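The stops below follow in the order in which to select them.

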Amino acid sequence: MASMLDMFQRTVLRAEMEDEATMPRPGGGAQRGFAAKRKVLIILALAVPLLVANYGMYGWSSLAVRKELTSTAQSVEAQAALALKAAAITTGEVADARYSQRGCFLGSVQLLQLKALSSPYVRSLNVVRNGKVTCSSVGGAVDVPAELFAPGLALRTGSIRLLQSHWFGLEAPGIAYVHMRNAQDGVISIMHERYFRDMVDLPSKDRYRSVVLRLGDQYVYGDGGMTDTPPVFINQFVSVRDSNGVQVFVEASHKLRMMYLTDSVVTWNLIAVAIGLLMALAVNFYYVRGRSFERMMRTAIANHDIVPFYQPVYHAEGALLEGVEILARWHNPGEGYIAPDVFIPYAERMGLIDSLTLSLIKQVQHDLENIIHLPVGRTVALNVPPTMFDKPEMIGALERFSGFLQQNGLRLVLEVTERQFVEQAETERISTFFEWLHRQGILISLDDFGTGYSSMGYLNRFNFDYLKIDGVFVNGIGSSTTAEGVLDTIIQMAQKLGMKTIAEKVETKEQVLYLVGRQVDCIQGYYYAKPVPVTELNQYIPIAAPIHGDATDAESPVPVPAGNAGSAA
Ligand SMILES: Nc1nc2c(ncn2[C@@H]2O[C@@H]3COP(=O)(O)O[C@H]4[C@@H](O)[C@H](n5cnc6c(=O)[nH]c(N)nc65)O[C@@H]4COP(=O)(O)O[C@H]3[C@H]2O)c(=O)[nH]1
């Protein structure tokens with residue numbers, strides 16, 4: 001605590017010795033931060049589209065590969081389905097033909113041969129009677145149990161089985177297809193395995209690592225293999241299947257995705273660079289504009305073009321002047337009127353708020369010395385920036401300003417917003433600071449109370465002199481019972497805590513009467529007076545008796561009709 005006060009005293013001493021010119025250059029740190037932020041944003045503007053493009057290209061190439069694999073698989077599946085359909089038709093026709101249902105004669109064997117020859121995919125046709133192959137287009141009359149003839153083949157219409165060799169010694173493997181007339185009688189056709197192998201033996205080896213055809217429970221590979229073992233894929237693959245149990249797998253080669261990537265990498269990256277450049281230009285433009293606004297503001301502060309306006313605050317009961325609030329006004333020749341809601345947050349961001357506050361203090365001092373003399377005992381309220389607590393030089397300036405006001409019988413009120421208290425976590429430091437301010441005769445007002453951060457906790461912890469009730473609650477008088485309820489609660493709470501209440505943005509007689517009825521201490525708002533330049537302030541300083549109850553009493557010097565209440569707001 002002692003060291004805190006020491007620090008303030010040292011600060012004050014130092015500040016007194018310092019000329020205004022030797023004050024820290026406003027906004028130096030903020031400027032550096034500003035430039036660094038611009039750099040980071042430009043880098044991001046350039047890098048993000050490139051990252052997105054390349055990431056997107058990777059995803060897109062995966063989709064393109066998938067599309068190609070699917071289309072290839074569908075085409076193989078269509079060919080296999082066509083071959084099977086042709087074989088099924090031939091097999092079915094033979095099974096239903098009368099010659100295949102009689103004994104195995106030379107004539108019927110010749111008819112079987114003729115039928116096999118005329119079917120593009122069928123190599124042999126074999127008649128099954130009572131579960132045995134009895135007549136074959138290749139072997140003639142035989143008597144071979146079906147399970148020996150085609151091991152593993154189920155005697156059921158539509159069954160398919162890959163056979164490594166043919167019963168009748170025809171070297172090449174084949175594919176058996178069954179059509180049964182009934183449980184025991186039917187026809188087994190043997191198809192050329194070669195056709196199916198050719199279907200999967202695609203020429204584009206650099207695009208596909210493997211193409212596999214599943215028939216029933218077995219697999220035909222492009223390299224000639226036929227096996228019961230399912231394939232293992234290491235790259236991206238797709239599979240398509242049909243209702244006949246034909247399934248085709250197509251696996252991409254290592255190169256396939258790369259082929260797509262190489263095809264599109266230049267286009268995608270060129271687009272990304274173009275977008276990145278546009279975004280970087282936009283960022284730059286934004287900052288250049290920001291800089292010019294910043295320059296404009298610096299000049300305005302240095303030339304005292306941002307000027308103090310004064311809004312009177314009156315006692316609720318008697319309409320006597322409690323004091324004035326200083327509100328900054330900026331009329332720029334080029335841009336016109338710039339609202340404080342725009343330039344104050346900007347000044348805070350750019351580190352210009354301290355120099356603005358100092359400029360306003362200087363102008364107010366000049367006004368009070370040369371243009372208007374406020375009645376003794378009144379207050380002068382100044383909005384102070386959140387950073388004030390950390391700046392010894394600002395504290396020094398405020399102390400000097402307070403000293404000046406006290407010499408003129410006035411008191412300085414510092415208006416701080418709730419936000420500042422939520423953001424300034426070090427409560428002990430702040431309450432020590434408040435004690436110090438009070439010892440200097442400086443009062444503290446909590447501004448915009450009720451706008452979102454309200455907490456009873458800090459009202460108790462910090463010793464505020466005034467609580468300013470935000471205009472939204474005043475606005476609700478007569479129209480919102482909820483707002484009225486909150487308003488009543490805030491007033492009662494402030495009264496219990498011994499704070500003076502000021503209702504802000506009071507615009508109507510109804511609001512004044514309501515607030516007077518709730519024993520609000522002070523009223524500020526257009527109903528009485530708008531913020532005015534110092535040259536117009538005199539007419540708002542009451543010289544005589546209070547009003548009671550009717551705020552429009554013509555006898556009273558206040559209220560002043562809002563329409564006559566001066567120039568800017
Ligand atoms: N609708 C309506 N509005 C009324 C009425 N009576 C007063 N006002 C406006 O309400 C605002 C009250 O100031 P604030 O809450 O401190 O809110 C201020 C304050 O937070 C900030 N500000 C203004 N001047 C300064 C300054 O010099 N320094 C700092 N740090 N902040 C300032 O900008 C905010 C906005 O200032 P302004 O635009 O001047 O807006 C002022 C004032 O013009 C009324 O009856 N009806």
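How many bridges join strand E15 (residues 379-383) to E16? Five bridges join the two strands, and they run parallel. This is a predicted model, in which local features need pLDDT of at least 70 and side-chain atom pairs count only at pLDDT 80 or more, while totals for chains, interfaces and linings use all residues. Residues are numbered from 1 along each chain as its sequence is written, and side-chain values use heavy atoms, with hydrogens and water left out.

**Stop 1**

Select residues 411-417, which make up strand E16. Strands here are DSSP runs (E, at least two residues), helices are DSSP runs too (H or I, at least four), and both are numbered from the N terminus. Two strands count as paired if DSSP finds at least two bridges between them. Six of the seven residues of E16 are buried, where buried means under 20% relative accessible area, exposed means over 50%, and partly exposed lies in between (1.4 Å probe, protein chains only). Then select strand E17 (residues 443-449), which is joined to E16 by five bridges and runs parallel to it. Thr-417 has Asp-447 in E17 as its bridge partner.

**Stop 2: the six-stranded sheet**

Next, display the open sheet with the strand order E3-E2-E1-E6-E5-E4 and antiparallel pairing. Its edge strands are E3 (140-145) and E4 (160-163), each pairing on one side only. From one strand to the next the twist averages 30°. Axes are lines fitted to C-alpha atoms (for helices, over the stretch in contact), and angles run from 0 to 180 degrees between N-to-C directions.

Within this sheet, select strand E1 (residues 122-129) and strand E2 (residues 132-136), which run antiparallel and are joined by four bridges. Val-127 stands opposite Cys-135 in E2.

Which helix lies across E1, E2 and E3? Helix H3 (residues 106-118) does, running at about 140° to E1. Helix H5 (residues 193-200) lies across E5 (174-180) and E6 (186-192), at about 50° to E6. Contact in this tour means heavy atoms within 4.5 Å.

**Stop 3: the five-stranded sheet**

Move to the open sheet with the order E9-E8-E7-E11-E10, again with antiparallel pairing. E9 (226-227) and E10 (237-241) are its edge strands, and each pairs on one side only. Select E7 (residues 208-215) together with E11 (residues 246-252): seven bridges pair them in the antiparallel sense. Val-211 stands opposite Val-250 in E11.

**Stop 4: aromatic rings**

The structure holds 15 aromatic pairs. Rings of Phe, Tyr and Trp (its six-membered ring) pair if their centres lie within 6.5 Å; planes under 30 degrees apart count as stacked, over 60 as edge-to-face and the rest as tilted. Select Phe-233 and Phe-237, a stacked pair at 4.2 Å centre to centre with 25° between the planes. Phe-233 counts as buried at 18% relative accessibility, whereas Phe-237 is partly exposed at 37%. One aromatic cluster is formed by Tyr-219, Phe-233, Phe-237 and Phe-249.

Then select Phe-434 and Phe-462, which form a tilted pair, 5.7 Å centre to centre and 55° between the planes. Phe-434 is in helix H11 (residues 427-439) and Phe-462 is in the loop between helix H12 (456-461) and strand E18 (466-469), so the pair ties together parts that are 28 residues apart in sequence. Phe-434 is buried at 2% relative accessibility, and Phe-462 is buried with a relative accessible area of 2%.

**Stop 5: charges over rings**

A charge sits over a ring if NZ of Lys or CZ of Arg is within 6 Å of the ring centre and within 35 degrees of the ring normal. Select Arg-257 and Tyr-58: the charged end of Arg-257 sits over the ring of Tyr-58, 4.2 Å from its centre. Lys-530 lies over the face of Tyr-526, at 5.1 Å from the ring centre.

**Stop 6: helix H7**

Finish with residues 340-349, helix H7, whose buried residues are Pro-340, Phe-343, Tyr-346 and Ala-347. Seen down the axis of H7, these residues fall within an arc of 145°, so they line one face of the helix; the arc is that of the directions from the helix axis to the C-beta atoms. Exposed Asp-341 and Arg-349 are on the face turned away from the buried side.
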